[in-house]
Amino acid sequence: MEKRGKIILVTGSTGFLGNAITRRLLASGYKLRLLIRKRDNQTPLQSFGREAFIKDRVLGNWFDEYLQEQQFMGADHAFVKETLYDRFLRNIEIIEGDLPSSGLGLEVKVYSKLAREVDEVFHCAAVTHFETQGTDEHMAVNVKGTENVLRFANCEKPKRFHYISTAYVAGRQDGMICEHEMVHEPLFNNEYERSKFIAEQVVIKYAKTNDIPFTIYRPGIIVGDSRSGATGKFNNLYLFAKILFTMKNFFTHHENEDGDDVTIRVPGDPDAAINLVPIDYVADAIVAILKSKESVDKIFHITNPNPPKLSELRDLLMPLLEIKGIDLKIERVLEQKKLNTMEKLLLRQTRSYNSYLYSKLRFDGSNTRKVLTGTGIVCPAMTKELVKVLMDFAISHNWGEENREVLQRA
Ligand SMILES: NC(=O)c1ccc[n+]([C@@H]2O[C@H](COP(=O)([O-])OP(=O)(O)OC[C@H]3O[C@@H](n4cnc5c(N)ncnc54)[C@H](OP(=O)(O)O)[C@@H]3O)[C@@H](O)[C@H]2O)c1
C-alpha cells in the first residue's frame with residue numbers, strides 16, 4: 001500500500017513568512033491544508049475560485065523560479081511543469097476560518113474531519129503591526145487564536161505543533177537571550193511583543209500538559225530575499241530607507257543655500273544591534289528544523305549571529321540610496337522641542353520602531369546551529385552587496401506602493 005504523505009495545517013500562508021514556508025513545504029512534498037481568513041466581502045477566493053487564488057496568493061512567480069532553480073528545464077520541461085503544477089494544486093486544500101472564533105470558525109463536521117486527517121500544525125498567522133488601535137486585536141488573534149489552534153492540535157489525535165514566535169518576546173531586556181522558555185515577563189516595547197510573549201507561554205504550557213510535541217521558532221527582523229531582494233512587506237528597515245530616499249529628492253529640489261550638509265538627527269544608540277534576517281534564510285532554516293527529529297520540545301532563534309549596528313546600517317544605506325547633502329546623526333537623547341520639521345516628520349512616521357533603535361539584545365543560536373550544521377543553510381551577513389540587493393528591489397517596486405494599488409484594485 002502506498003504510504004500516505006504527511007498532512008500539515010498551515011495558518012498565515014497569505015502573509016510574508018507563511019507564504020515562503022508554504023512554498024517550501026509544498027516543494028518538500030507535504031500535503032497542505034491552508035487555513036485562510038474568512039472575510040465577509042468578496043475575496044479573491046470567492047471571486048476568482050480556488051485555482052486562481054492558489055496561483056495568485058500562494059504560488060505567485062515562485063513556481064517558475066523554483067523550476068529554474070531545480071534545473072528541470074530539460075526536453076520535457078512543459079511536461080514536468082504541468083505535472084508539478086498539478087501536484088502542487090492537488091496537495092493544497094483551502095479552508096476559510098477565523099482564528100479567534102471558537103472551533104476556528106469552522107463547521108463542526110469540517111473541523112472534525114480536518115482534525116482527523118492533519119498530522120502536524122504550523123501556526124504562523126498573527127496580527128503583526130505595532131500600533132494599538134483601541135480594540136484588543138493582538139490579544140484576540142495572537143493569544144486567543146493560538147489557544148484555538150492548540151485545541152485543534154489536541155482534537156481527535158495529538159498533532160505536532162510548530163509555532164512562529166519572535167525573538168522580540170525578549171522585550172526590553174539587554175544582553176544575550178537563550179533559546180529557553182522565558183521565566184520572567186520582561187517589559188515590552190508594544191502590544192505585539194506582549195501578545196507574542198503570552199502566546200509562547202500558552203503554547204509551552206498547553207503542549208506540556210497535553211503531551212503535544214512542540215517546536216517554537218523565534219525569527220529576528222525579517223527583510224527580503226538575499227538573492228533577489230524580493231519582499232512581501234515594506235516595514236522596518238524599508239520604512240526608514242523610504243523616508244530618507246524621499247527626503248533626498250526634497251533636498252535635490254531645494255538646494256541648501258550655503259551648500260552645507262543639512263543635519264538630520266534621529267533617536268537611537270549608534271551601537272544598537274539591528275537583527276535583520278533575510279526571508280530565504282528564515283524560511284529555509286525553519287523548514288529544515290521542522291523536518292529534524294531533534295527539534296521536538298525545543299526553541300530556536302532564527303536570528304542574525306552578526307547583526308549590523310545602527311550606525312553601520314546608516315553608513316551602508318546613505319551611499320546606496322545616493323543621499324548627498326544630509327548628515328544623519330544618531331543621538332541617544334533627542335530633545336523634542338528643538339527638532340526641525342524634517343526631524344519631526346521622520347520621528348512621527350517611525351515612532352513605533354523607536355525602541356528597537358536602542359536595543360542591545362543578542363540571541364544565542366546554539367539549538368539552530370546544531371540542527372543546521374551540514375545543511376549549508378547559514379544566515380547571510382548584512383554586507384553592502386546584500387543591502388544593495390534589498391534596496392534595489394524596494395526602489396524598483398516603489399516601496400510597495402504598487403502592491404498596495406494592485407490589492408486595492410482587486
Ligand atoms: N515579519 C517579521 O519581521 C517577523 C519577525 C519575527 C516573527 N514574525 C512572526 O512571523 C509570523 C508571520 O509574520 P509576517 O510578517 O509574515 O506577517 P504578515 O505578513 O502580517 O501575515 C500575517 C498572516 O496572518 C494572517 N491572519 C491575521 N489575522 C488572522 C485571522 N484573524 N484569521 C486567520 N488568519 C489571520 C494574515 O491573513 P490575511 O492575509 O488575511 O491578512 C496573514 O496570512 C507572525 O507570527 C509574526 O509574529 C515576523
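A: For sorting residues, Ala, Val, Leu, Ile, Met, Phe, Trp, Tyr, Cys and Pro count as nonpolar, Asp, Glu, Lys and Arg as charged, and the others, Gly among them, as polar. This is a predicted model, in which local features need pLDDT of at least 70 and side-chain atom pairs count only at pLDDT 80 or more, while totals for chains, interfaces and linings use all residues. Residues are numbered from 1 along each chain as its sequence is written, and side-chain values use heavy atoms, with hydrogens and water left out.

The ligand is surrounded by 26 residues (a residue is near a molecule if one of its heavy atoms lies within 4 Å of it). The closest are Thr 14, Leu 17, Tyr 192, Lys 196 and Lys 233. By class, the shell holds 13 nonpolar, seven polar and six charged residues. Helix H1 (16-27), helix H8 (191-209) and strand E8 (221-223) each supply at least two residues of this shell; helices (H or I, at least four residues) and strands (E, at least two) are DSSP runs, numbered from the N terminus.

Polar contacts are pairs of N or O atoms within 3.5 Å. An oxygen atom of the ligand lies 2.6 Å from a side-chain N or O atom of Lys 233. For Thr 128, the distance from a ligand oxygen atom to an N or O atom of the side chain is 2.8 Å. At Ala 126, a polar backbone atom is 3.3 Å from an oxygen atom of the ligand. Of the 900 Å² of accessible area that the ligand has on its own, the protein covers 88% (areas come from the Shrake-Rupley method with a 1.4 Å probe).

Definitions and conventions
Polar contact = N/O pair within 3.5 Å; in protein donor to acceptor, adjacent residues only side chain to side chain.
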